[in-house]
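The sequence and structure are shown first.

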Amino acid sequence: MAAKRKSDSARAEARAGLPGRGLRVLVVDDAEGIRTYLANLLELSGYDVDTAEDGRCALALLDGGAAPDVVILDVMMPGIDGIETLRRIRDRHGSVTVVMLSVVGKASTIVEAMQLGASDYINKPFEEEELQMTLDKVLEQKSLERQRQILSEELQRYRDGVVWASAPM
C-alpha cells in the first residue's frame with residue numbers, strides 16, 4: 001500500500017502564522033509528481049500532509065483513523081476512481097471535507113461530484129492562490145458548521161433547563 005502518513009510536525013509552533021496552521025490534508029492522486037508537488041506546497045503553507053496514490057489507499061488511511069481536515073481527491077485514477085472514492089468516503093466518513101481535483105472539467109463530472117458531497121472542484125492546472133483560496137473557503141465552511149453545531153447543542157441544553165409554563169399557583 002503506497003499511502004504515506006506523516007507524524008505531527010515539531011515545527012507546528014513555527015508555522016502558527018501560516019494559512020495551514022497545522023491543519024491536516026490528505027492528498028490523493030495517482031500522479032506521483034502532482035502528489036509530491038501538492039504535499040510540498042501545502043507543507044510550506046503550514047499544513048500537515050498525508051498522501052495516497054489511489055482511492056484504495058486513501059480509504060485505508062481513513063478507515064485506519066486518519067482524520068484529515070480536508071481531502072484533495074483526483075477524479076481520474078486507476079482502480080477506484082475519484083468519484084467512486086468520494087462515494088465511499090461519504091458512506092464511511094460522511095463529515096470529511098473533500099475537494100475534487102481534475103484535468104477533466106466536464107460539467108457532468110463536476111455536477112456528480114458536488115451531488116455526492118464534494119465541497120469544491122478545482123481544474124488542473126491551477127494557480128497556488130486558487131488552491132489556497134479554495135482550502136480557506138472549505139475550511140471556513142467546516143468551522144462555521146462546527147460552531148453552528150456547538151451553538152445548537154448549547155441552545156438545546158438551555159431550552160431543556162428553562163420552564164416555559166407552570167401550573168397556576
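## Contacts of Met-100

In this report, contact means heavy atoms within 4.5 Å. The structure is a predicted model. When neighbours within four places in sequence are set aside, Met-100 is in contact with Leu-73, Val-75, Gly-82, Ile-83, Leu-86, Ala-113, Ala-118, Asp-120, Tyr-121 and Ile-122.

## The nonpolar cores

Met-100 also belongs to the largest nonpolar core, which has 23 residues. Together with Leu-26, Val-28, Leu-73 and Val-98, Met-100 touches the most other members of that core. At least two residues of this core come from each of β2 (24-28), α2 (55-63), β4 (70-74), α3 (82-92) and β5 (97-102). The helix α2 provides the largest share, five residues.

## Overall fold

The protein contains five helices and six strands. Along the sequence, these elements follow the pattern β-β-α-β-α-β-α-β-α-β-α.

Among contacts in the protein with a separation of 6 or more, 66% are between residues 24 or more positions apart.

## Burial and surface

The protein has 169 residues, and 41% of them are buried.

Terms used:
Residues numbered from 1 in each chain as written. Predicted model: local features only at pLDDT ≥ 70, side-chain atom pairs only at ≥ 80, totals over all residues. Heavy atoms only, no water. Core = buried A, V, L, I, M, F, W, Y, C linked by side-chain atoms within 4.5 Å. Buried < 20%, exposed > 50% of the residue type's maximum accessible area, 1.4 Å probe, protein only. Helix = DSSP H or I, 4+ residues; strand = E, 2+ residues; numbered from the N terminus.
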